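This report concerns a single predicted model and is intended to be read alongside the sequence and the structure. Please have both in view.

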Amino acid sequence: MVGPMASLSEDEKFMPQCLELGRDAAREGEVPVGAIVLFGGEVLARGREASRSSLDVTAHAEVMAIRQAARAKGTVDLSGCTLYSNVEPCVLCSYAIRRSSFDRVVIGMPTAALGGVTSRYRILVAPELPGFGAPPIVVQAVLLDECTALMDKHMTG
């Protein structure tokens with residue numbers, strides 16, 4: 001299901017934290033992606049892209065935030081949580097989000113080539129995946145211009 005759940009102003013309140021984490025990642029030579037996990041209206045976890053610095057291709061911002069959130073909650077079941085990312089989660093991250101049972105996902109900008117919502121690999125939103133629960137509610141294009149500008153700056157150097 002794709003659509004709004006919380007007010008856009010709430011989503012706009014938290015997306016800047018993803019942008020700041022993305023800027024931190026870019027300063028370290030990473031792709032400028034940041035993610036946060038909210039639970040009960042509070043930030044439970046933060047992650048930023050670290051694939052290059054950690055020599056770990058799975059160290060995407062969303063995965064890093066999911067790992068931290070699971071440790072904080074003491075479970076991989078992150079029902080009741082919302083994941084924010086300034087960039088649409090890729091297929092890898094979308095799988096992790098679905099397996100963790102997030103209620104909501106809030107995205108800044110799309111990544112149509114391999115995104116879990118806008119590409120042909122719609123893992124994040126496909127209702128018919130065997131072994132998965134219901135897909136999370138997905139809110140797209142939150143602070144789209146700011147998120148796109150950060151990625152454009154990275155791509156143009």
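## Basis of the model

The model is predicted; local features need pLDDT of at least 70, side-chain atom pairs count only at pLDDT 80 or more, and totals for chains, interfaces and linings use all residues. Residues are numbered from 1 along each chain as its sequence is written, and side-chain values use heavy atoms, with hydrogens and water left out.

Helices (H or I, at least four residues) and strands (E, at least two) are DSSP runs, numbered from the N terminus.

## The nonpolar core

The largest nonpolar core contains 37 residues. Such a core is a set of buried Ala, Val, Leu, Ile, Met, Phe, Trp, Tyr and Cys residues joined through side-chain atoms within 4.5 Å; buried means under 20% relative accessible area, exposed over 50%, and partly exposed in between (1.4 Å probe, protein chains only). Met15, Val37, Tyr84 and Phe102 have the most contacts inside this core. At least two core residues are supplied by each of α1, β1, α3, β3, α4, β4, β5 (137-139) and α5 (144-156). The largest share, five residues, comes from α1.

Contact means heavy atoms within 4.5 Å. When residues up to four places away in sequence are not counted, Met15 touches Tyr84, Ser85, Asn86, Val106, Ile107, Gly108, Val142, Leu143 and Cys147. Leu19 is located in helix α1 (residues 8-27) and is buried, with a relative accessible area of 4%. Leaving aside neighbours within four places in sequence, Leu19 is in contact with Asn86, Leu143, Glu146, Cys147 and Leu150.

Helix α3 (residues 61-73) has 13 residues and reaches 18 Å from its first C-alpha to its last, close to the expected 18 Å; the expected span is 1.5 Å times one less than the number of residues. Its buried residues are Ala61, Glu62, Val63, Ala65, Ile66, Ala69 and Ala70. An α-helix has 3.6 residues a turn, so residues three or four places apart point the same way. The cover over the buried residues of α3 includes β1 (34-39), β2 (42-48), β3 (81-87) and α4 (91-99). Gly74 follows α3 and has a positive phi, near 75°.

In α4, the buried residues are Cys93, Ser94, Ala96, Ile97 and Arg98. These buried residues pack against α3, β3 and β4 (104-109). Just after α4, Ser101 has a positive phi of about 65°.

## The largest pocket

The largest pocket has a volume of about 290 Å³. Of the 16 residues that line this pocket, Val33, Val87, Glu88, Cys90 and Thr111 are the closest to its centre. A pocket is an open set of points on a 1 Å grid over the protein atoms alone where a 1.4 Å probe fits, with protein on both sides within 12 Å along at least five of seven lines; lining residues have an atom within 4 Å of a point. Grid points are joined across faces, edges and corners, and the volume is the space filled by probe spheres set on the points.

Ala134, by contrast, lies in the loop between β4 and β5 and is exposed, with a relative accessible area of 70%. The C-alpha atoms of Ala134 and Glu146 are separated by 30 Å, although these residues are 12 residues apart along the chain.
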